[in-house]
Every structure is written in C-alpha cells, then in structure tokens.
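Here is a short report on one structure. Take a look at the model, then read on.

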Amino acid sequence: MHEISIVRNVFETLQETYPDKFDRITKVQIEAGLLSNIQPILIQNAFEALIMEEPELADIELEVLLLPIIAHCEVCDQDFEVVRHKFVCACGTPSKNIVQGEELQISRIEFVENEP
Amino acid sequence: MTVPFAVQTEPIVVTQALENLHGLGNRTIDFFVIEWYEASKSRMKKKTRGGIDVLVEKAHRSALEDGDLLYLSEERAILLKIKPCDCVVLRPQSLQEVGTLCFEIGNKHVPIFITHENEVCVAYDAPLYQLLLSGGFRAEIEERVLHPSQMIKAYGNKSLK
C-alpha cells in the first residue's frame, strides 16, 4: 500500500545517483521478494500515475521481477524453494532461515546507447 | 526488402492490438508472454518466444488482453499470452457474500477478478489467503489466467451501466 512512495523513491534515487545520464534511462528493473509485501500490480499502477505527473518518465519502462522465497535446510544443508509459504524442506524439516524473498531493490538499469 | 527476423535489430513497435479480421491462415504463430500485472503497462520491451524483439508503446492505458493480435505479416503473427498464476478462487453463494468478500479483499487494494462462472479470483497472496480462511470463507488455490477484462473497477464497470 506504500507503492506510490516506493516508486517515487526509486526515481529520486536514480536522479541522485545518475544526475548526468538520468534522462538516458530506458528501463528500470526492480526485484521484489515474495516476503517484501509488495504487490507488482500496485507498483505498475503507481508508476503509470507518476508518469501523468512527470511525463518525462514516459520513455522509461519499469519492470517488476518477483523473487521466490528460498530457505536453507540445516539437515540437508541445501537451499529449497518455499512454495505457498510452506517453510518445510522436502526432507520434512521446517526452516525459518530465509535466503531470499525479503528483497526490494533496484536490480538493473538500462540506458540509451551512446550515439556513434 | 524484407529483413529476416534473425538479423533484425530494431524491435517491432506495437501501439495497440490489431483486429483479426481474416484469421491467421498458415502463418507462424509466435507469442509475446507477459505476467498478468503487466497487461496495463504503457511501455514494455521483451523478446517473443521465437526470439523477436517487441516494444509495446501504448498511447492509452487500456489493458492488453490474452490472445490479442499484436503483429501480423504475411509469414508471421504475434499474439499476446498472459502467464497463468496461482490464484485464490472463491465461489460465493450469494450477493451478500460477494460484497463481503470484495470488501475484505478491496481493503488490501488488490485487484479482484470475477469470472464468467461468477467466481471471485485474486492473485495468490499468503496473508490474504489466511485472512479469508480465518474469516470462514471457502478459498481454494488454483492456477488461472487473470484476464484484465474481468477485473472489477471502482468505477466504469460496463455491466453496471
């Protein structure tokens, strides 16, 4: 439910980090773990709303990648995917050692290639 | 001169879905595959399953629909495919139950889809699923395609006009 402020923060961060080439950004990819409480549809809708406010962002694609939850099993000493929030390894051992799934991060930025 | 797709560097630009008036004939069918939550995006660039770059650049915000024809040439047709996803499916027995359900789900700001079979569908979300179960609703998890045309809007639902 805080997607608008998240999207604003993403673009403010990019403007601060790339002041000279912010206007050459063509794509921003965000990775959101399934435990990050982020709804990708709300991120997309928030971005479309932000474009109406700041039309210069219309040439940028925002992509949200959902990351599955990965936990570590102490018994098998292996990682396993947590499906539908069942934190139980295939061997039957429950685990709360989360390896992946809580992230919310800018994972990739693409820029217009330099003119020849 | 027709540039073979294998060496084409510029993406095919799609501004809207095309009308499929005469069928696809013997054309090669290719698919531009998206997640359900990408159907309303005004801009997205991806490769089709066949490896062709496609840039969707819509001037309007209306959503693309599963099966939409995006591109048509003499040899090839590119169709939109929305990936199925885990959904929480509910089959309410009365209008009052529909209202209660939509109120509970709507409070999460999550889009609600109502199918032609009057099922209520939302993309699977563990806390929401648990909330519905604890509220006594009979919710099941099924893999479905969420069609944008079945999404309830806060205003402008054609069926309510």
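## A site in chain A

This is a predicted model. A:H2 sits in the segment before α1 of chain A, and that helix covers residues 3-17. The UniProt record, an unreviewed entry, places the feature "binding site" at A:H2. The annotation may be inferred rather than shown by experiment.

Is A:H2 buried or exposed? A:H2 has 11 C-beta neighbours inside 10 Å, so A:H2 counts as exposed.

## The elements of chain B

Now turn to chain B. How many helices and strands does chain B have? There are two helices and ten strands. Read the order from the N terminus: β-β-β-β-β-β-β-α-β-β-α-β.

Picture a box drawn along the principal axes. The C-alpha atoms of chain B fill one of roughly 65 × 35 × 30 Å. Chain B has 161 residues, and 21% of them are buried.

Next, look at contacts in chain B between residues at least 6 apart in sequence. Of these, 65% join residues at least 24 apart.

## An annotated domain in chain B

Which residues of chain B does the annotation "domain: UreE urease accessory N-terminal" cover? According to UniProt, in an unreviewed entry, the answer is residues 17-78.

Over residues 17-78, chain B is 39% strand and 0% helix.

Methods: Residues numbered from 1 in each chain as written. Chains lettered and ligands numbered in written order. Predicted model: local features only at pLDDT ≥ 70, side-chain atom pairs only at ≥ 80, totals over all residues. Helix = DSSP H or I, 4+ residues; strand = E, 2+ residues; numbered from the N terminus. Buried ≥ 20, exposed ≤ 12 C-beta atoms within 10 Å, placed from the backbone. Contact = placed C-beta atoms within 7 Å.
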